[in-house]
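This briefing goes through one protein model by topic, from the overall fold to individual residues. Please keep the sequence and the coordinates at hand while reading.

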Amino acid sequence: QVSPAQRAGTDPALSARAARRRPAASAMADDKDRRSRMANSSVNAPAKKGGAGGKHTWGAAGDVQDYESVGAAGAKVTTAPASEAEDKGKTSSETLGVKLDSESQFPALSSGAAKLQPHPNGAWGPGSAAARGGGGGLTPLQLYDLALKRSPLRTKMLTSACINAASELLSYRFAGVQGGLAAILRQCVIGSGLTGLIHRWYIFLESAMADWPHDSARTVAVKTALQMTIMEPVCAAIYIAAKGLLSGQRDILATLRSTLGGIVVASWSVWGPTSMVQYRFVPVDYRNLLNNVVALFFTVYLIAKTNVVPKKSS
């Protein structure tokens, strides 16, 4: 029978007996690796029979007979530069025609609190008042540049409409052309439409020739030749047809046959050198502006060349 003192663990005899057993248990823990009482434990035992005993062993060195050693066969992994086919298969912004610095492809987001920043094309010089953030107002070129950043196409079309209206007024003074408000509005419509077409043409041409060096003479010559052979005849035909239709003419084809050839040749003499200067020195966003300056005087010639004097009734 167990006394209450033994159950509580306060019996001096039991405490002394437990104290005598502890050193023996500690010594057993030091001798046994996993503190077990297994006499035949193989935790740290060496391999039996040199690895050849039993079915779950690697086998002895002479057990494998189905291969013949051939010695070192050299390096299995080699390095080589990437082939051109792999480089061509990679897509990049240049192969896709994407220009990260193009204002037409990535126009700036407009906001009421937007700060004036210098344009990457260089219209705002580092010493300008707008670039410094100081006062003094903005120059006309800086105002145009700001409008161009916010809405490129609309700014170009409005500018062209004003230039064509000015050309119509100059034709009254220097070419003896008679017109009025209807003729001025007609020139505004034609100028805006042609500017939208030329705007898209520049974007297409730069995307198609994105891999060409933009400052080389060959690139400039090819771009100029494409514009002279494709865009100039198209623009001349559109101008003649649009002016005839808006004026109420019916013999548009006859007017095209009689005037298109001479106008195209004249446009080559004017827009050929202009295009070479544009494609070499002028950024894409400012080419329409240079076109408008040259068109201010060339459109006077077009108005006089395509002017139809109404016949007087007898």
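The model is a predicted one, and in it the secondary structure of the protein chain comes to 10 helices and zero strands.

**Overall fold**

- Read from the N terminus on, the elements of the protein chain run α-α-α-α-α-α-α-α-α-α.
- The protein chain has 314 residues, of which 31% count as buried.
- When contacts between residues at least 6 apart in sequence are considered, 62% of them join residues that are at least 24 apart.

**The largest nonpolar core**

- The largest nonpolar core is made of 28 residues, and Trp201, Tyr239, Trp271 and Tyr279 are those with the most contacts inside it.
- At least two residues of this core come from each of helix H7 (181-208), helix H8 (217-247), helix H9 (252-281) and helix H10 (287-305), and H8 gives the most, with eight residues.
- Tryptophan 201 is in contact with Leu226, Gln227, Ile230, Met231 and Tyr279, once its neighbours within four places in sequence are left aside.

**Packing of H8 and H9**

- Two packed helices are described by the angle between their axes and by the distance between those axes.
- For H8 and H9, the axes come within 7 Å and cross at roughly 145°, and the crossing is right-handed.
- Sorted by class, the contact of H8 with H9 has 17 nonpolar, eight polar and three charged residues.

**Helix H6**

- Helix H6 covers residues 152-174, and because each of its 23 residues counts for 1.5 Å, with the expected span taken over one less than that number, a span of 33 Å should result, which agrees with the 32 Å between its end C-alpha atoms.
- The buried residues of H6 are Pro152, Thr155, Lys156, Thr159, Ser160, Ala161, Ile163, Asn164, Ala165, Ser167, Glu168 and Ser171, and these buried residues pack against helix H5 (140-150), H7 and H10.
- An α-helix has 3.6 residues a turn, so residues three or four places apart point the same way.

**Proline 152**

- Proline 152 is found in helix H6, and it counts as buried because its relative accessibility, 11%, is under the 20% cut-off.
- Not counting residues up to four places away in sequence, proline 152 touches Glu103, Pro107 and Ala147.
- From proline 152 to alanine 108 the separation is 44 residues in sequence and, C-alpha to C-alpha, 9.8 Å in space.

**Histidine 199**

- Histidine 199 lies in helix H7, and it is buried because its relative accessible area of 6% is under 20%.
- With its neighbours within four places in sequence left aside, histidine 199 is in contact with Ser104, Leu153, Lys156 and Asn288.

**Lysine 305**

- Lysine 305 touches Thr259 and Ile263, not counting residues up to four places away in sequence.
- Isoleucine 263 and lysine 305 are 42 residues apart in sequence, while their C-alpha atoms are 8.1 Å apart in space.

Technical notes: Residues numbered from 1 in each chain as written. Predicted model: local features only at pLDDT ≥ 70, side-chain atom pairs only at ≥ 80, totals over all residues. Heavy atoms only, no water. Core = buried A, V, L, I, M, F, W, Y, C linked by side-chain atoms within 4.5 Å. Buried < 20%, exposed > 50% of the residue type's maximum accessible area, 1.4 Å probe, protein only. Helix = DSSP H or I, 4+ residues; strand = E, 2+ residues; numbered from the N terminus. Contact = heavy atoms within 4.5 Å. Axes fitted to C-alpha atoms, helices over the stretch in contact; angles between N-to-C directions. Left-handed = near helix turned anticlockwise from the far one by under 90°. Nonpolar A, V, L, I, M, F, W, Y, C, P; charged D, E, K, R; others polar.
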